[in-house]
Amino acid sequence: MAKEKIYAIIDVETTGGKASRDRITEVAIVRHDGEKVIDEWSSLVNPERYIPAGITELTGISQEMVAEAPKFYEIAKEVVERTEGAIFVAHNARFDYSFIREEFRRLGYTYTRKNLCTVRLSRQAFPGLPGYGLGRLCDYFGITNEARHRALGDAAATAILLEKILHREENQESAYNLINLGIKESLLPANLNLEKIHALPETCGVYYFHNYQGEVVYVGKSINIKKRVAEHFAKKTEKARKLQQHVHQVTYEETGSELVALLLESFEIKRIRPAINRAQKVRYFPFVIHTWVNADGFRCLGIDKVLAKERKQLEVISEYPKLSSAKGAMERARLAYDLCDHLCKTHAPKSACFHFHLKQCLGACAGQETPEEYNVRAEEALSYLSTVFDKDFFILDEGRSPEEQAVIQIKDGNYYGFGYLEITETIQHSSELETYIKPYPGNPETRKLIQRFLAKPKKQYRIIPVL
C-alpha cells in the first residue's frame with residue numbers, strides 16, 4: 001500500500017489552539033512516497049494578528065519575523081498543489097487539518113483531503129509506550145529534530161516516524177483503515193466506492209441515501225457529512241446490511257448550522273418516512289398531557305391518546321409520540337413539584353395517593369392542602385411541561401460559508417422555520433429577518449431540539465428578540 005500512495009506530511013505553527021479563532025504563522029509540507037522523502041517546502045505566514053508572548057517563547061516565531069511574510073491566501077495555491085492527490089498526514093492530524101481547512105474556509109473554499117494521524121497510528125503500531133507526543137516518540141526512536149516546534153522540523157521528524165511505522169506490513173493495513181475512516185469495502189453498496197465517499201464534504205448538513213429507483217431510504221444529519229456516512233459502513237450491523245442492500249446513491253444538503261441540520265433532518269424524516277430510519281419515524285404525536293379543573297377546584301393533569309379532531313376539546317399542554325414518553329414527562333413534573341398522583345391521572349380514586357405516604361405529595365388527596373395552595377405548584381408544572389416558548393425571537397447561527405448566517409425563527413411561541421442571509425445585509429429592525437425565513441412545520445420534537453441546542457454551552461449563536 002505504501003508504494004502506491006503519496007503522503008503530504010504537514011505541520012503548522014499557530015497563534016493559539018482554536019482554528020476558528022487563531023491563525024497560522026508557519027506551514028511546512030514534506031512529500032513522501034512511503035519509503036523516502038520526495039520534496040519539502042515551508043513558509044512563514046503573516047497571521048494578520050498578534051502572536052501571544054507564550055507562543056513566541058515556544059516556537060521562536062515573533063511578530064517581526066512574520067511582518068513581511070506572505071498572508072495565507074498568497075500561499076494557498078502552493079498548499080493545494082502540494083497536497084492534491086496525496087494523503088494529508090500530521091502528528092495530531094485533527095489540529096493541523098482543522099487549521100488548514102479553516103484558512104481555506106475564510107477564503108470561501110472547501111479544502112478536503114484524505115488524512116492520517118500519526119498519533120493514532122503510533123498507538124496502534126507501538127502499543128505500551130510511555131507517551132505518543134512527537135517529542136517522546138523522537139526520543140524513543142532516536143529521531144533527531146533540531147528545530148522542535150518549528151513547522152519544517154516537526155514535519156521532517158513526522159516523516160521519519162511514518163517511515164518507521166510503514167516499514168512493517170501489518171502497520172500499512174492499520175494506516176489504510178485510518179485513511180479510509182474504518183470503512184469495510186465489503187460492506188459498501190455496489191454503486192458506492194471509497195472515492196465517492198471521500199468526495200463528500202466534511203461540513204455540517206443532512207445526507208440522503210437513495211435506492212436504485214431514486215427513492216430516499218434513509219436520512220441523517222452530521223457536523224461532518226463524510227465522516228458520518230463512512231461510519232455507516234465501518235461495522236457489520238443490521239442497519240449496515242440494509243444500507244448495503246438498498247443504497248445506490250448519496251446526496252446531501254449543507255446547512256452550516258448544526259441546529260438547522262437537526263431541524264431539517266426532523267422535517268425530512270417525517271415528510272419522507274424513509275424505510276430504514278428508526279428515530280423520529282412517527283409523523284404524529286398522538287399522546288397528550290392535558291389539564292382541567294375538577295369539581296373540587298384542583299388543577300388536574302392527565303394523559304390520553306387522542307385524534308386530531310379531539311384535541312380542540314382539551315387544554316393540551318404537551319404532545320408525545322409514545323405513551324412511555326408522556327408518562328416519563330408526567331412523572332418528572334410530579335416529582336419536581338410535589339404533585340398528587342391522583343390529580344395526575346384522568347380517573348382518580350377517592351383516597352390518599354401512594355406518594356402521600358412516601359411524603360412525595362403534600363396531601364391534596366388527603367384533605368391537608370387547599371386547591372389554592374396546590375394549584376400554585378400545578379401551574380408551575382404546566383409551565384414546565386408547556387410546548388411553547390414564552391417569547392418570539394430569532395437565532396443567528398453559523399452559515400454555509402463565511403459570508404452568510406443561518407436564521408431560525410420562533411414565532412407565536414413555536415418554531416416557524418429557517419433561512420439564510422448575507423452578513424453584509426443591513427437589518428433595521430429584527431422583524432425584517434422574517435423575510436429570509438422559509439416556513440417549516442413545527443412539532444414537539446423541534447421544540448426539544450431548539451431547547452437542547454440553546455442549553456448547550458460555548459455555542460457561537462446570537463439571540464435576537466422580536467421587540
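Me: Which residues of H4 are buried?

Reply: Ala93, Asp96, Tyr97, Phe99, Ile100, Glu102, Glu103 and Phe104 are buried in H4, where buried means under 20% relative accessible area, exposed over 50% and partly exposed in between, with a 1.4 Å probe and protein chains only. The model is predicted, so local features need pLDDT of at least 70 and side-chain atom pairs count only at pLDDT 80 or more, while totals for chains, interfaces and linings use all residues. Residues are numbered from 1 along each chain as its sequence is written, and side-chain values use heavy atoms, with hydrogens and water left out.

Me: What makes H4 a helix, and how do you know that its span agrees with its 14 residues?

Reply: Helices are DSSP runs of H or I with at least four residues, and strands are runs of E with at least two, numbered from the N terminus. The expected span is 1.5 Å times one less than the number of residues. For residues 93–106 that should be 20 Å, and the end C-alpha atoms are 20 Å apart, which agrees.

Me: What do the buried residues of H4 pack against?

Reply: They pack against strands S1 (7–14), S2 (24–32), S4 (87–90) and S5 (115–117), and against helix H3 (72–83); contact means heavy atoms within 4.5 Å.

Me: Why are the buried residues of H10 said to line one face?

Reply: In H10 (residues 225–232), the buried residues are Ile225, Lys226, Val229, Ala230 and His232. Seen down the axis, they fall within an arc of 150 degrees, so they line one face of the helix. The arc is that of the directions from the helix axis to the C-beta atoms.

Me: Why does Cys300 count as buried?

Reply: Cys300 has 4% relative accessibility, so it counts as buried.

Me: What makes S15 and S16 edge strands?

Reply: Two strands pair if DSSP finds at least two bridges between them. The open sheet of five strands has the order S15-S14-S13-S12-S16, with antiparallel pairing. Strand S15 (437–439) and strand S16 (462–465) each have a single partner strand, so one side of each is left without a neighbour in the sheet.

Me: How many bridges join S13 to S14?

Reply: Eight bridges join S13 (residues 404–411) to S14 (residues 414–422), and the two strands run antiparallel. The bridge partner of Val407 in S14 is Gly419.
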